[in-house]
Amino acid sequence: MKDPESISYLTQQQAVEIDELLMGPFGFSVDQLMELAGLSVASAIAEVYRSSEYNRVLVICGPGNNGGDGLVAARHLHHFGYKTYICFPKRTAKPLYTGLVTQLESLSVPFLPLEGLPQELSNDFDILVDAIFGFSFHGMPRPPFDDLINLLVSIKEHDQTHQKSPVIVSVDTPSGWHVEEGDINGKGIKPDMLVSLTAPKLCAKMFCGPHHFLGGRFVPPSIVDKFKLRLPPYPGTSMCVRVRKPPQVDVQVQIPPENLEKHGEADPFVQFQKWFDDAVAAGVKEPNSMALSTASKDGKPSSRMVQLKGIHGEGFVWCSNYGSRKAHEISENPHASLLFYWSVLNRQVRVEGFVQKVSDEESEQYFRSRPRDIQIGPAVSEQSIVIPGRQLLHKKYKELEEKYSDGSMIPRPKHWGGYRLLPEHFEFWQGDESRVHLRLRYFAEEIGGKRVWRIVK
Ligand SMILES: Cc1cc2nc3c(=O)[nH]c(=O)nc-3n(C[C@H](O)[C@H](O)[C@H](O)COP(=O)(O)O)c2cc1C
């Protein structure tokens, strides 16, 4: 979501009301909501912190529903390939919780007693999940959770001494924060990731870590209407959606350039996703803008900006006018190159390969995902031809706007659709103040009928 202010934040009272409605007239059971919440949390963690790098997870569970969400998240994280541990100091005898504990025990997920927690959590875990208190919390944290919260606070103090420390993921609200006013005295947990559930609570406005996600993809439209909720749409089949980007991230610290080679992923798509996520987290404006270079059949090049719609079917997809100059060049010569440049990170990525049109069904999906006013655009514009006059285009736009003002479906013009570049080569470039720039290159090769990536550093 581009503007964080355009999203809704709930008061504590509203959060309670929505929960009551969901479990009352809307027919949800607490187990269902917990399952979906926990799955959302695990999905968000897996989206940002890959198990190959951040494998050891400690989930700290409180006595209520937030703790239950944590238990469910722990089960999913286990299945996602993380080495998961649980600290659940105040177990409850309710069947919902004993069931969750039994499920985890059957997976041999270790439950660590409070006194058995390692003193130096930093050495033993890569991710700490704070599932202690949720939106119904008020007052002061009581033992033993006060000490656990202090432990999480001290982790970040360690962080300032530049020791490697685990990341902290808070479920719905950072525990100990005021649900509406946030970290009142500035001495609370400073999570790296917050996964808001159903809708962010007011305290989330004060969250300034790099990763804010929303989960709980179950809110019925009538609740959205009743509470006038503005929530970001969930992409595809995802259980979570990124909400907000921080104003700035010191990426020189996050991934030091000299470590680029060490940090290179075996799969260039994974490497790309990591850098793209960094660009999003660093607040890059339109990180998906890329220069597309094509060439005519006699090798004369041309470049222009287009927008990446997504990486689907092993390729980079954008949409355009099939009558444009680029379309003409692609039809003559399918070899093309894409270039991303994220100046705040001093990074560029070049992707070279060959281009094909996506299927009509896929183009239709991209078209339908555009806001209605933008759907009208392609019907008006004939790209790369001499414009008969701006006024004429505006007139045509107005006519079409009027024609579809009743909400009827705007048909996709036949000349508008998607292209997919299937990469054969990637180059990741990291600039450095010392001017010792680093490059990580990947070349596609066929070995035994299988496509593999050769890395050249
Ligand atoms: C940031 C940015 C993003 C753009 N995204 C697209 C896009 O996704 N698809 C597109 O056809 N044109 C896009 N355009 C317009 C193209 O750059 C270009 O002007 C147009 O596609 C005609 O190009 P051609 O005559 O070389 O085919 C974008 C322009 C800018 C500046």
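A nonpolar core is a set of buried Ala, Val, Leu, Ile, Met, Phe, Trp, Tyr and Cys residues joined through C-beta atoms within 7 Å. I start with this term, then go through the chain. The model is a predicted one.

**Entry 1: the cores**

I looked for nonpolar cores. The largest one has 70 residues, and V59, I60, I86, V129 and V195 have the most contacts inside it. Helix 2, residues 30–48, supplies the largest share of this core, ten residues. I also noted a second, separate core of 30 residues, with F272, A279, A281 and Y322 among its members. In soluble globular proteins, nonpolar side chains tend to be buried together.

I then took V195 and listed its contacts, leaving aside neighbours within four places in sequence. V195 is in contact with S40, V41, A44, V169, V171, D172, F213, G215 and C240.

**Entry 2: the whole chain**

I counted elements next. The chain has 14 helices and 16 strands. Of its 457 residues, 37% count as buried. I also checked how far apart in sequence the contacting residues are. Taking contacts between residues at least 6 apart in sequence, 70% join residues at least 24 apart.

**Entry 3: the annotated binding site**

Which residues does UniProt mark as "binding site"? The unreviewed UniProt entry places this feature at N66, D130 and S175. These positions are spread over 110 residues of sequence, yet they cluster in space, with a largest C-alpha distance of 9.7 Å.

I looked up N66 and found it in helix 3, residues 65–79. Is N66 buried or exposed? N66 counts as buried because it has 25 C-beta neighbours inside 10 Å, and the cut-off for buried is 20 or more. Apart from neighbours within four places in sequence, N66 is in contact with A131, I132, F133, G134, V171 and D172.

D130 sits in strand 3, residues 127–131. D130 has 28 C-beta neighbours inside 10 Å, so it counts as buried. Again leaving aside neighbours within four places in sequence, the contacts of D130 are I60, L152, I168, V169, S170, V171, P174, S175, I189 and P191. S175, in this list, is also one of the UniProt positions. I60 is in the list too, and I had already met I60 in the largest nonpolar core.

**Entry 4: helix 3**

I stayed with helix 3 and checked its length. Its 15 residues should span 21 Å at 1.5 Å a residue, and the end C-alpha atoms are 21 Å apart, so the two agree.

How many residues of helix 3 are buried? The count is 14 of the 15, so helix 3 is largely enclosed by the rest of the structure. G81 follows helix 3 and has a positive phi, near 105°.

**Entry 5: helix 10**

Helix 10, residues 268–281, has 14 residues. From first C-alpha to last it reaches 20 Å, close to the 20 Å expected at 1.5 Å a residue. I listed its buried residues: P268, Q271, F272, W275, D278, A279 and A281. F272, A279 and A281 are the ones I had noted in the second core. An α-helix has 3.6 residues a turn, so residues three or four places apart point the same way. Just after helix 10, G283 takes a positive phi of about 75°.

**Entry 6: two loop residues**

G209 is in the loop between strand 5 (193–197) and strand 6 (211–215). I counted 21 C-beta neighbours inside 10 Å, so G209 counts as buried. G209 and P191 are 18 residues apart in sequence, and their C-alpha atoms are 6.2 Å apart. Beyond neighbours within four places in sequence, G209 is in contact with K190, P191, D192, M193 and L194.

M239 lies in the loop between helix 7 (221–226) and strand 7 (240–244). M239 is buried, with 22 other C-beta atoms within 10 Å. Not counting residues up to four places away in sequence, M239 touches L39, S40, S43, G215 and R217.

**Entry 7: around the ligand**

Which residues come nearest to the ligand? Of the 15 around it, they are R304, M305, S320, S324 and K326. Strand 9 (301–307), strand 11 (315–321) and helix 11 (325–332) each give two or more residues to the shell. Strand 9 gives the most, with five. By class, the shell has four nonpolar, eight polar and three charged residues.

Methods:
Residues are numbered from 1 along each chain as its sequence is written. This is a predicted model: local features need pLDDT of at least 70, side-chain atom pairs count only at pLDDT 80 or more; totals for chains, interfaces and linings use all residues. UniProt positions are given in the numbering used here, feature names are shortened, and annotations may be inferred rather than shown by experiment. Helices (H or I, at least four residues) and strands (E, at least two) are DSSP runs, numbered from the N terminus. A residue is buried if 20 or more other C-beta atoms lie within 10 Å of its own, exposed if 12 or fewer, and partly exposed in between; C-beta atoms are placed from the backbone. Two residues are in contact if their C-beta atoms, placed from the backbone, lie within 7 Å. A residue is near a molecule or strand if its C-beta atom, placed from the backbone, lies within 6 Å of it. Ala, Val, Leu, Ile, Met, Phe, Trp, Tyr, Cys and Pro count as nonpolar, Asp, Glu, Lys and Arg as charged, and the others, Gly among them, as polar. The expected span of a helix is 1.5 Å times one less than its number of residues.
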